[in-house]
Amino acid sequence: MQLIKITEYCVHYNIEPSFLISLEESGIISLTLVGPDKFIQEDQFSEVERYIHLHYDLQINIEGIDAIRHLLGKLTDMQQEITVLKNRLQLHETLQRS
């Protein structure tokens with residue numbers, strides 16, 4: 001697991017560290033505390049990049065980002081359920097033909 005200091009991450013993306021802290025305080029991301037410094041985990045990079053885009057490019061606040069994240073999670077769950085149901089339907093149709 002690779003960690004990057006949030007101050008370095010923020011310099012790279014030209015964002016305020018307070019944005020990442022707000023995401024953490026809202027439970028949207030998890031930061032790792034090592035001594036006095038906070039770090040972001042590599043597996044969260046793409047997710048945080050999406051939140052940066054939503055906030056800085058689209059002017060969506062933290063509450064909006066959380067709502068979008070929640071809705072996208074629901075959408076993913078529904079897509080998985082649809083896949084399961086399609087597979088069950090195909091199995092049922094195959095058994096009906098036999």
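Buried here is under 20% relative accessible area, exposed over 50%, and partly exposed in between, with a 1.4 Å probe and protein chains only.

I note that this is a predicted model, where local features need pLDDT of at least 70, side-chain atom pairs count only at pLDDT 80 or more, and totals for chains, interfaces and linings use all residues. Residues are numbered from 1 along each chain as its sequence is written, and side-chain values use heavy atoms, with hydrogens and water left out.

Next I checked Y13, which is partly exposed at a relative accessible area of 28%. Y9 and Y13 are four residues apart in helix α1 (residues 6–13), so about one helical turn separates them. Helices are DSSP runs of H or I with at least four residues, numbered from the N terminus.

I then turned to the ring of F45. Its centre and that of Y9 are 5.5 Å apart with the planes at 40 degrees, so the pair is tilted. Y9 sits in helix α1 and F45 in helix α3 (residues 45–57), so this pair ties together parts 36 residues apart in sequence. F45 is buried, with a relative accessible area of 19%.

For pairing I used rings of Phe, Tyr and Trp (its six-membered ring) with centres within 6.5 Å; planes under 30 degrees apart are stacked, over 60 edge-to-face, and the rest tilted. I logged three aromatic pairs by this rule. Y9 and Y13 form a tilted pair, because their ring centres are 4.7 Å apart and their planes at 35 degrees. Ring pairs link Y9, Y13 and F45 into a cluster.

Definitions and conventions: Helix = DSSP H or I, 4+ residues; strand = E, 2+ residues; numbered from the N terminus.
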